[in-house]
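Visitor: Please take me through the aromatic rings here, pair by pair.

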Amino acid sequence: MKNAFSSHHCGRYGSFSNRREFLKKAGAGFGMLALADLLNKGGLLAASPEMDRSLDPMAPRLSLYPAKAKSIIWLFMEGGPSSVDLFDPKPELTKRNGLKMEIDVFNGNPGPLMRSPFGFKQYGESGAWVCDKYQNVAKHVDDFAFIKSLYTESSDHVPALYQINTGILRPGFPSAGAWITYGLGSESRNLPGYVVLGNSQGVKGGPLNWSSGFLPSSYQGTLFRSQGAPILNLTRPETVNAQDQRAQLDFIAKVNGEHLSQHPGEADLLARIQSFELASRMQIEASDLADFSSESPETLSLYGIDQDISQNIGRKCLMARRLVERGVRFVQLYSDGEWDAHADLAGNHSHHCATTDQPIHGLLTDLKRRGLWDETLVIWGGEFGRMPVSQGSGGRDHNPHGFMAWMAGAGVKGGTSYGETDEVGYRAVKDRVSVHDLHATMLHLLGMDHTKLTYFHNGRNFRLTDVAGEIIEKILA
């Protein structure tokens, strides 16, 4: 075993065997950081993944094998949309409407089986069924791979959100976006690699849903707003000019560099130092990002930004496109409010369909016409689904036993459907898909092997898929 202290000297100086070693140690390592930035801008940094991470945590890195997708937009329908009322109608549920069924529900006192309040039609060459509230989304069914047999381990929102986002029910683990940016870095130098467009009312479970967990903090998600300044307090104060700000940043870098030299290998400290420079670069880039004046009126209308009901989600969807266009690796977009229809499912889901139908149609259409479709993976879904029985006044309770999602875009076989729930939509019974399977498939499309994307923590290697996960091969192109 190599002596851990072999590179250290008892004297007052150390010798350098090459220029790289000199740059790495001189000036507390900031010479090497500058070199890393120059190499990255020249597209030369991805050749040595391990060196890249130590110099620049977000430098783009090579995938294990050729990737189908370069980036992900996850359309997260928080609260639990109902599969049987949106994309998976059950004739038997209609036939048995009003009959009692033995069933375990989260809130107790289940009512009888309840038919869907919506009508359904078949669309596209695939003949996929879609409810009459999602007529614009329905135009794209031949691009979708429906996964109709998902299941999760909790019927409570917060642990279910943690599991769908991190693979684990408990808080404190890295989110999928953090794992992805840890594995691949980011192609954007002026924006975070992982951006979250949150729920206007606040996502249940909070920032732990996009946390880096025990990974270095460089990989955590950054919460953006869809209107005004994407990040509060990002603009330089009027009393500080650009030259003064640059001098302040240089001074902070010098002080931090001296501190870093006394704490070598501290990834979170390096992340904090680099965050100052990223914030400086974002002052221009992020402001331009939220300025839609360069978009045509036709594009704004396509996203539903000209309609009161859909303008907020429309802005988020347009911002998601602009983010991946600028090299952001992972964008998670939360719907506003919750699809949590414990009462009046018809009213709740009609509203959320109205807020998202045109924006999602606009996003999918725009990705295609701007040449981003074949390199962007789009995911739609929530943390769980809803029961086939009624609750309260025409609502449905949480259902972790059988729900659905769809994928579209890069590497996905459109017009396909995988898995099934039982005849009333209660439990996944055919080709069951776990959250780990969903994550394994997502990582595969990005060119990563989910069993090899690991991080050593607390005495063992952790990964997004824990000790499970199978790729859903039948939905891949």
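Guide: A charge sits over a ring if NZ of Lys or CZ of Arg is within 6 Å of the ring centre and within 35 degrees of the ring normal. The model discussed here is predicted.

Visitor: Over the ring of which residue does the charged end of Lys-148 sit?
Guide: The cut-off on distance is within 6 Å of the ring centre. The charged end of Lys-148 is 5.4 Å from the centre of the ring, and that ring belongs to Phe-146.

Visitor: What is the geometry of the pair Phe-144 and Phe-146?
Guide: The count of aromatic pairs comes to 21. In the pair of Phe-144 and Phe-146, the centres are 5.7 Å apart and the planes make 85 degrees. Planes over 60 degrees apart count as edge-to-face, so the pair Phe-144 and Phe-146 is edge-to-face.

Visitor: Is Phe-146 buried or exposed?
Guide: Buried means under 20% relative accessible area. Phe-146 has a relative accessible area of 3%, so Phe-146 is buried.

Visitor: How many residues apart in sequence are the parts that Phe-214 and Phe-462 tie together?
Guide: The ring centres of Phe-214 and Phe-462 lie 5.0 Å apart with planes at 55 degrees, so this pair is tilted. Both residues, Phe-214 and Phe-462, are buried. Phe-214 is in the loop between β5 (194–197) and β6 (222–224), while Phe-462 is in strand β17 (residues 460–463), so the pair ties together parts whose separation in sequence is 248 residues.

Visitor: Over which ring does the charged end of Lys-368 sit?
Guide: Here too the distance must be within 6 Å of the ring centre. The charged end of Lys-368 is 5.0 Å from the centre of its ring, that of Trp-373.

Note on methods: Residues numbered from 1 in each chain as written. Predicted model: local features only at pLDDT ≥ 70, side-chain atom pairs only at ≥ 80, totals over all residues. Heavy atoms only, no water. Phe/Tyr/Trp six-rings, centres within 6.5 Å; stacked < 30°, edge-to-face > 60°. Buried < 20%, exposed > 50% of the residue type's maximum accessible area, 1.4 Å probe, protein only. Helix = DSSP H or I, 4+ residues; strand = E, 2+ residues; numbered from the N terminus.
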